[in-house]
Amino acid sequence: MRAIVMREFGGPDVLRPEDVPEPEPRAAHALVDVTLAGINYADVHVRGDSYLAPVELPYIPGNEVVGTVGGGRRVVGLTRGGGYAERALLHRKVTWDVPDGISDEQAVALALQGNSAWHLLFTSLRVSAGETVVVPAAAGGLGSLAVQLAARAGAKVIGLAGSAEKRKLAEELGAHAVVDSTAEDLTERIVEAAGGPVQAALEMTGGVTFERTLAAVAPRGRLAVYGFAGGEMASVPTRDLMERSITVSGFWLPQLYADRTALPTSMRALFDAVADGSLKPLTGAVYALGEAARAHHDLAARTPTGKLALDVAR
């Protein structure tokens, strides 16, 4: 079968198409004929050897796929690598039937980024109606879903984005206000847009952006960290946290894979929201499997909006 294989760590060009053997059968797993493989920042960290879980080379990246199993049944699911390929193994605990009326492009946006957005907001931050929450990369795959889910729950959303086009899109998705994420006075802009310090915030950039976002959080507020896309890890100022009684939590979706109720609950809620029209996954560019390197170049440049995917048939 065709797959994208990493034989070294490095830039996008380490992602090369090869012919490889099909995955060997495993207990509790189904072999899926992959239609689309989702592209995520987690894949960027894997490629650069900065992922939370180390990987052994050679390695096929990709943590979410949509495809078909025996009889043509459409499924979407999560993997621990192996997604950038014509066939992949999915564990039954993290595989879901795709309802009629939901497209492959929508489904692949929900598995990793949709579940992450849902649990960041409602499990980690416990966001409720009337609260104000900061959402970074508000026009991106996860951020665009988080904006809609938070607004749908009655929260006031302050979206962060680096371009005027993306800020306009975040506002159209339901953000109460949008702020330039690259501004040096980011803290002041968030507080001004929110009408005061915020009760909750998501953070995925790291470095100075983490510091500026944390400074905008109100006493007894919460901040959930789920990445460091800027490449620089942040140091948590424990004295400041204690003085303001702020909770900072980390989030990594694979920690929920073994939970018997967490992901089935969020996946059902996401499917229902898409079905009733209250959640619209922002589908982005779809690349041919052999264009994985170009897709990663584009993702690193932060030029695309919405969910990026690989079409393995192309």
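Okay, one definition before we start: a strand here is a DSSP run of E, at least two residues long, and strands are numbered from the N terminus. Keep in mind too that this is a predicted model.

So, with that in hand, let's go to strand β10, which covers residues 177-180, and where we find Asp180. Is Asp180 buried or exposed? Its relative accessibility is 18%, and the cut-off for buried is under 20%, so Asp180 counts as buried. What does its side chain do? Well, the side chain of Asp180 makes a polar contact with the side chain of Thr182, at 2.7 Å. If we skip the neighbours within four places in sequence, Asp180 also touches Ala161, Gly162, Arg167, Leu186 and Arg189.

Next up, helix α9, residues 292-301. Have a look at Ala292, Ala293, Ala295, His296 and Leu299: those are buried. Where do they sit around the helix? Looking down the axis of α9, the buried residues fall within an arc of 160°, so they line one face of the helix. Here's a handy bit of background: an α-helix has 3.6 residues a turn, so residues three or four places apart point the same way.

And what covers that buried set? The cover includes strands β1 (2-5), β3 (29-39), β14 (283-288) and β15 (307-311), along with helix α1 (41-47).

β14 gives the largest share, three residues, while α2 (104-124), β14 and β15 each supply at least two. By type, the lining has four nonpolar residues, two polar and two charged.

Last stop: the second largest pocket, with about 590 Å³ of space. It's lined by 26 residues, and the closest to its centre are Arg26, Thr79, Arg80, Gly81 and Leu89. Which strand gives the most to this lining? That's β6, residues 87-91, with five residues. The lining of this pocket splits into 16 nonpolar, five polar and five charged residues.

Technical notes: Residues numbered from 1 in each chain as written. Predicted model: local features only at pLDDT ≥ 70, side-chain atom pairs only at ≥ 80, totals over all residues. Heavy atoms only, no water. 1 Å grid on protein atoms, 1.4 Å probe; cavity = no way out; pocket = protein on both sides within 12 Å on 5 of 7 lines; lining within 4 Å. Points joined across faces, edges and corners; volume = space filled by probe spheres on them. Helix = DSSP H or I, 4+ residues; strand = E, 2+ residues; numbered from the N terminus. Nonpolar A, V, L, I, M, F, W, Y, C, P; charged D, E, K, R; others polar. Buried < 20%, exposed > 50% of the residue type's maximum accessible area, 1.4 Å probe, protein only. Arc of directions from axis to C-beta. Contact = heavy atoms within 4.5 Å. Polar contact = N/O pair within 3.5 Å; in protein donor to acceptor, adjacent residues only side chain to side chain.
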